[in-house]
Amino acid sequence: MDIKTSFNSSSSGRSIPVTSSPVGPTLIDIDHVDFYYGASQALHDINLKIEEKKVTAFIGPSGCGKSTLLRCLNRMNDLIDGTRVAKGQIKIRGINIYDPSVDVIELRKRVGMVFQKSNPFPKSIYENITYGLRLQGRSNKSDLDAVVEKSLRGAALWDEVKDRLHTSGLGLSGGQQQRLCIARAIAVEPEVILMDEPCSALDPIATVKVEELIQELRTKFTIVIVTHNMQQAARCSDKTAFFYMGKLIEFADTRAIFMNPANAQTEAYVSGRFG
Amino acid sequence: MDSLRPAPNSDFLVNKKRVRVLGLSFDDAVKIFFGGNALVSVIVLALITYFLFQEGFGFFGQNHRNLLTYRQAGLEYVDYIRTQESAHTALTRYLSDLRLRQFNYATLEKNISPSAANESLVAFDDFAALYGDAVEPLRGLVSELTEQSTAIKTKFLVAEDKRVERQQLTTEGKIAEAAAVKIETVDFALEVKALTGTLPAYKELAAEFAKKLDAALVTAPAMPTPELKNRLERFRQLNSDFIATFPATTRSLETWDYTRAVPWYQAFSAFLFGREWLTASFWQDWYGIVPLFMGSLMVSLVALLLAVPMGVGAAIYVNQIASAAEQRFIKPCIEFISAIPSVVLGFFGIAVLGQLLRWLSQQDALAWVPGFPFSERLNILTAGCLLALIAVPTIFTLAEDALQNVPKAFKEASFALGATRLQTIIKIVVPASLSGIISAVLLGLGRVIGETMVVLLCAGNRIAIPDFTAGLAVVTQPVHTMTGIIAQEMGEVVRGSIHYRALFVVGLGLFFLSLAINFLAQKIVNKYRISIG
Ligand SMILES: Nc1ncnc2c1ncn2[C@@H]1O[C@H](COP(=O)(O)OP(=O)(O)OP(=O)(O)O)[C@@H](O)[C@H]1O
Ligand SMILES: [Mg+2]
């Protein structure tokens, strides 16, 4: 399907507003970041501002550094030996998250993550969702019950699983598992949710459900989503960043990126001519 | 010009001529080589199993005959009285202990010189001698009866041997020689009558004995402290308990009947629940596996208690916490332990560890540890420590595998929710790999139970059920084990004898024990594979 036509078709209830969205307050400020895996540089001078309560999509061909940048935002790359941010800063609400004084644990509570492959713990649905809360020392039963229901409703999963909260999370279907992971992420009430290709392992129907969910979550959370699916980026996001070979090529309103990209490479990529 | 063009090549359709040896192509040979190797292992396993069963099962028949002889030759009868005698011996030991306590009290607390203390104990010594000597007439009877029943047993065994000899000659076709072998039939009824005929004499002796004991007790001098008084009171109690058993013994003797059959299951139960392993004795051999099994069990338990935290802890550290450089160093080190020959470990145990533990136990600062100080250098603890060393590499390697198999995605999800490394390990990684870790521990147990050299060298080799009334100090006692006894005694036994077969049954027991443990471990691992998917 042609991206541009899908964009204009007003029959699709989920098309984004035609008017350019007003510039919101910046939540995450990625300021000229260079990132290295050991000796090899994966990100080159990335400069990008992510706005609050908006959906920002990262697109680009495989290996261009989308996941790397995303994982920089909650310092998941710290888990890999030899990685470092060599230059620049990433600031959330003005605080450089790579500052030695920053508590990584606290950061990760505020910046949640949903992974490409759904990864519920081999525990019950209930335990999956309460895991993050228990880590924070919350153990009041009625309190936890309330959060479980709220999170599962928030992830549009409540009606499907409310009768089997205490069965294994691994017993759910792939799409349900991914929504369970989203529920688990929102249970700790983060400000930002990072999603790394959350739908790539899902069938079209499950994908639609997750996309609808993203539309609902955007009112409460700031969402950054990596996707290979151009339609998905077009449907779900307010802003889109196009990366190529570890560089940010173009960053603008999603509409602008897909309708009239300023860069020839962006144009070629979104129209499906390479990548 | 057409003829110059090469004809289309269709050679590849024709089976190429291959080198064949004995009608086999190379592929066939390879197949046979690998298949053959697999087959050999299966056959060897089958042969071992068959051999174990064949040699082992004969034991139960022989043991049944062994028990039957025990009854028919009257050994059982004599043992009733002997039990009484040994119970009395235990009581005199109590008196010696009491004397030592009085002596210590006098010399240490009253500061009386040893010779004076001994003098003050003369009255007690007289009493003890009186009490001890009371058994003499009974003892005389026992030794007399022992001689008689041993004679019966010997006669019977000789007759059995002759019978075997004759049978052998017959099968060899030497009929004349076979007929010449004289077999003396043992008339048990007649022989046993000589034993049971002493019953009235015994009754008289027993009544006399009881009277003498009570009379001796009356002469017991007063004790100097309440504590010692209590002990003497306790002794009086023990004495009257002892005398109270006399009627039961008399009844056993009266109702004893050498013709009563020994039920077939006793051949099994005497082995499985027998509390004594006594071989090559002049009196009666007992083949009870309990002391050996308890020995193996205790040593293995101590080993596991040490090896599980060490192995699993090291696995968690190496897999989850250590840097790559540490991993490269620690892993080969631990795996290297399994390369040390167990006889070297055993040698180390005798020469270093046993000494060291005993020395430690004798330090005053450590006197509060249960079981300290101890004097036996070789005991459950020494063997257990070394076996732990043997189990650690197994447990470590397999547990590390299990941890490695936990999908990275679980860990990432946990970290992304704000978990620390420790929380992730405790709440996610270990639970997810728990069944793998459990089976690692089970396989470690299998390794430990089957280990021979170390226990043979370091467990102390005393065939006795550990005395559990000692509490935790039980680990400082020497034991013998199932593996150790086989290694120690197999070299000396006569092929085909009951002792030889008994060792085989012990081996069979070990075989099934290991089989069960491995099976359990496999099952748990399989379940775990399914649950992680
Ligand atoms: N753990 C790692 N160690 C070393 N290099 C890595 C590591 N992870 C990624 N890279 C490299 O960094 C570059 C960017 O990878 P990244 O995973 O961010 O790409 P991506 O845009 O997410 O690709 P995809 O769309 O395929 O997921 C690639 O060249 C990749 O080879
Ligand atoms: Mg990626």
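## Ground rules

Residues are counted from 1 along each chain as its sequence is written, while chains are lettered from A and ligands numbered from 1 in the order in which they are written. As the model is predicted, local features need pLDDT of at least 70 and side-chain atom pairs count only at pLDDT 80 or more, whereas totals for chains, interfaces and linings use all residues, and side-chain values use heavy atoms, with hydrogens and water left out.

## Rings in chain B

Let's begin with the aromatic rings. Searching the whole structure turns up 29 aromatic pairs over all chains. To pair, rings of Phe, Tyr and Trp (its six-membered ring) need centres within 6.5 Å; planes under 30 degrees apart count as stacked, over 60 as edge-to-face and the rest as tilted. Take B:Phe57 and B:Phe60: their ring centres are 5.7 Å apart and their planes meet at 50°, so this pair is tilted. Both sit in helix H1 (residues 26-72) of chain B, three residues apart, or about one turn of the helix. Helices here are DSSP runs (H or I, at least four residues), as are strands (E, at least two), and they are numbered from the N terminus.

How covered are these rings? Buried means under 20% relative accessible area, exposed means over 50%, and partly exposed is in between (1.4 Å probe, protein chains only). B:Phe57 is partly exposed at 42%, while B:Phe60 counts as buried at 10%. B:Phe60 also forms a stacked pair with B:Phe268, 4.1 Å centre to centre and with 15° between the planes. B:Phe60 belongs to helix H1 and B:Phe268 to helix H11 (residues 265-272), both of chain B, so the pair ties together parts that are 208 residues apart in sequence. B:Phe268 itself is partly exposed, with a relative accessible area of 30%. These rings belong to a cluster linked by ring pairs, whose members include B:Phe53, B:Trp264, B:Tyr287 and B:Phe512.

## Charges over rings

A charge sits over a ring if NZ of Lys or CZ of Arg is within 6 Å of the ring centre and within 35 degrees of the ring normal. In chain A, A:Arg184 lies over the face of A:Phe121, at 4.5 Å from the ring centre. In chain B, the charged end of B:Arg82 sits over the ring of B:Trp283, 4.4 Å from its centre.

## A covered helix and a threonine in chain A

Now for chain A. Helix H2 (residues 66-73) is mostly covered, with seven of its eight residues buried. Among them are A:Lys66, A:Arg71 and A:Cys72. Just after H2(A), A:Arg75 takes a positive phi of about 55°.

A:Thr83 lies in strand E4 (residues 83-92) of chain A and counts as buried at 19% relative accessibility. The side chain of A:Thr83 reaches the backbone oxygen of A:Asn77 at 2.8 Å.

Rolling a probe the size of a water molecule over the atoms shows where empty space is left. On a 1 Å grid over the protein atoms alone, a cavity is a set of points where a 1.4 Å probe fits but cannot get out; a pocket is an open set with protein on both sides within 12 Å along at least five of seven lines, and lining residues have an atom within 4 Å of a point. The count comes to one cavity of 30 Å³ or more. Its lining includes B:Ala134, B:Pro137 and B:Phe209, and helix H8 of chain B gives the largest share, four residues.

The largest pocket has a volume of about 720 Å³. Of its 28 lining residues, the closest to its centre are A:Leu79, B:Asn319, B:Gln320, B:Lys411 and B:Arg421. Elements that give two or more residues to this lining include helix H3 (104-110) of chain A and helix H12 (290-321) of chain B. The second largest pocket holds about 530 Å³ of space. Its lining has 16 residues, with B:Gln62, B:Arg65, B:Asn66, B:Leu157 and B:Ile498 nearest its centre. H5(B) supplies the largest share of that lining, six residues.

Note on methods
Points joined across faces, edges and corners; volume = space filled by probe spheres on them. Polar contact = N/O pair within 3.5 Å; in protein donor to acceptor, adjacent residues only side chain to side chain.
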